[in-house]
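Thank you all for coming.

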Amino acid sequence: MTDIAKPVRVRFAPSPTGKLHIGGARTAIYNWAYARATGGTFVLRIEDTDPERSTDENTQIILRALSWLGLDWDEGPEVGGEYGPYFQMQRMDTYAAALERLKERDAAYPCFCTKEELDAKRAKAEKEEGGYAGYDRTCRCLSHEEAQARIDAGEPHVWRIKVPLDRGAIEFDDAVYGHVSFPSDVMDDMILVRTDGSPTYNFAVVCDDANMAITHVIRGDDHLSNTPRQILIYEALGYETPTFGHLSMILGADGKKLSKRHGATNVEEYRDRGYLADALVNFLALLGWSLDGETTIISRDVLTSQFGLDRITKKDAIFDETKLNWMNGVYIREMDAPTWVEASKKWIADACVQGANVEDGVVVVPTPEQGADPLPPAITPEDEGYAEAFAAALADIEEDPSFYEKLYPLVIERLARLDDIPAKLAFLFWGPNVQLDEKSVSKVLLKEGARADEALRACRNELAREDLPWEAEALQEACRALCEPMEMKPKFMFQPLRVAICGNQVSPPLFESIELMEPEDVLARIDGVLETVFKA
RNA sequence: GGCUCCGUCGUCUAGCGGUUUAGGACGCCGCCCUCUCAAGGCGGAGGUCGAGGGUUCGAAUCCCUUCGGAGCUACCA
């Protein structure tokens, strides 16, 4: 059943009719991981035979997405290989040759039935006979002479496979589903070559997989029903069939097939929303496959050495973003400071730009009831001037990342996604201004009996001391020392300070944040709050 | 309609006839830690294994039926 001797050759064959979908990404990961785990070859082939929907742009997007995921292919676009070309449109001669081979073997025949005739027959059968059983083989009965004469006369025709009449049930052992059997009487003489001479999907796939010596066809479950058809084509061609392995579908949260309705469905969107490739690969690998049922964090090394077809589930899986968010956080926390800055620079730059544009002094921000974004951006990518400011900030980060590495301990344990960064760090760049979250003002600063103004004044005095080292621990000790004499719990001392400086009752560690800011800015913010909120 | 496949906590899964009072992870709840939020530690709730029949001393695990879901049924891929 399994060829131990034959080196594994697997392929991922997307059609560039769209971007790289989450489901496609998982298929690619499984093929890639299987190739790596077995020491085999991972082939990438672009199935661009649908001229209506295929675009070069989509091809580029798919290649870029695969590269971003870190799924390197051994043969395919950009890297070449001895079984090329790897674009179906460039393999037309091979399909023509395959058709010749079929003719020689008397395994295919021309069909002159028009699309209209077929549609009519199908409609009639569905209405009157309770179901269409497939093409009725009208043209299969034509003599060779008559068929040839009509071809010579220029009559339009397609080429159909001549399914052996005595072919029994079509059975195969799927690497995932196990033994599968299809009755042969439901297999009609499907079209292999269209009127315009182009190959149909099933024909092209078989030709390519055979010609590229693919040993294991690992693909989506939506092809399970195509497999018996393709087996028939392999047999007609006289080629050995590969091992098939079908992957269950990935569904949206509502249990329906994943689509745009469910939000992000292509991998570039995940990259742009601050997900890490390692996390996405890990998560997707586990959507339908398990290492041992216990392990959830699986490194690439483990994946590419331990992955196997035997632990793939048959059950459809629902794509649950909350678990991906957790896993992404795990991977973010594994990064060291320089790596984090490098991976996060575009979001850090965004935080800088947003922060730098708060210039109105103390502002009380109206908070939506849900308390959504605590810090609405003062400037968005759509606004004028954003692009220039962003580019400048990015250049600054790249030129000297050392300052930005200091932001790392502030947020590294608080990020589920990299795009959470602007909301968490923009306040550091507000200069002397502070944008106050209304809810925080009412719950902390104006809370009954909180003595927030007292706390602010006391802390301000401490922070203004010339002899105080501007360093987190010293700052904290100075403010903490105020608690006892004032008979105030640290929480009541620090929370008002946090709101006054960070604008929100939730923020990164307070004194570590203050340390990174200019002393005069910090004092200015406190003064601003005292004046505005407490009308002092 | 026909053909094929699937069905274990809300979600991802382990389980392959007895070691299972069905294990782990996410999420949720509580406690601890604590300057907030996280992170971390500890604990908890949550599954009559889609349902109904068998087989067996014993079934989530084997058989049958049934219900639900998905895919295919194109000169799309």
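By class, how many nonpolar, polar and charged residues does the surface near RNA strand B have? That surface has 20 nonpolar, 19 polar and 24 charged residues, where Ala, Val, Leu, Ile, Met, Phe, Trp, Tyr, Cys and Pro count as nonpolar, Asp, Glu, Lys and Arg as charged, and the others, Gly among them, as polar.

Before going further, a word on conventions. This is a predicted model, in which local features need a pLDDT of at least 70 and side-chain atom pairs count only at pLDDT 80 or more, while totals for chains, interfaces and linings use all residues. Residues are numbered from 1 along each chain as its sequence is written, chains are lettered from A and ligands numbered from 1 in the order in which they are written, and side-chain values use heavy atoms, with hydrogens and water left out.

On confidence, the predictor gives the complex an ipTM of 0.94 and a pTM of 0.92. Chain A averages a pLDDT (the predictor's confidence in each residue, from 0 to 100) of 89, and 94% of the residues score at least 70. Over residues 367-375, however, the pLDDT is below 50, and this stretch has 9 contacts in the model beyond near neighbours in sequence, a contact meaning heavy atoms within 4.5 Å.

Let me return to the RNA. Of the RNA atoms within 4 Å of the protein, 71% belong to sugar or phosphate, and the rest belong to bases.

An N or O atom in the side chain of Ser290 is 3.2 Å from a phosphate oxygen of RNA strand B, a backbone N or O atom of Glu294 lies 3.4 Å from a sugar or linking oxygen, and an N or O atom in the side chain of Lys323 is 3.0 Å from a base nitrogen. Among the elements that give two or more residues to this surface are helix H11 (321-333) and helix H21 (490-502), and the largest share, 4 residues, comes from H11. Helices (H or I, at least four residues) and strands (E, at least two) are DSSP runs, numbered from the N terminus.

Now to H21 itself. Because 10 of its 13 residues are buried, H21 is largely enclosed by the rest of the structure, buried meaning under 20% relative accessible area, exposed over 50%, and partly exposed in between (1.4 Å probe, protein chains only). Arg498 is one of the buried residues of H21. After H21 comes Gly503, whose phi is positive, near 85 degrees.

Helix H7 (residues 227-237) is likewise largely enclosed by the rest of the structure, because 9 of its 11 residues are buried. Thr227, found in H7, is buried with a relative accessible area of 0%, and its side chain reaches the backbone oxygen of His223 at 3.0 Å. Not counting residues up to four places away in sequence, Thr227 touches Phe172, Arg219, Phe244 and His246.

Notes
Near = heavy atom within 4 Å. Polar contact = N/O pair within 3.5 Å; in protein donor to acceptor, adjacent residues only side chain to side chain.
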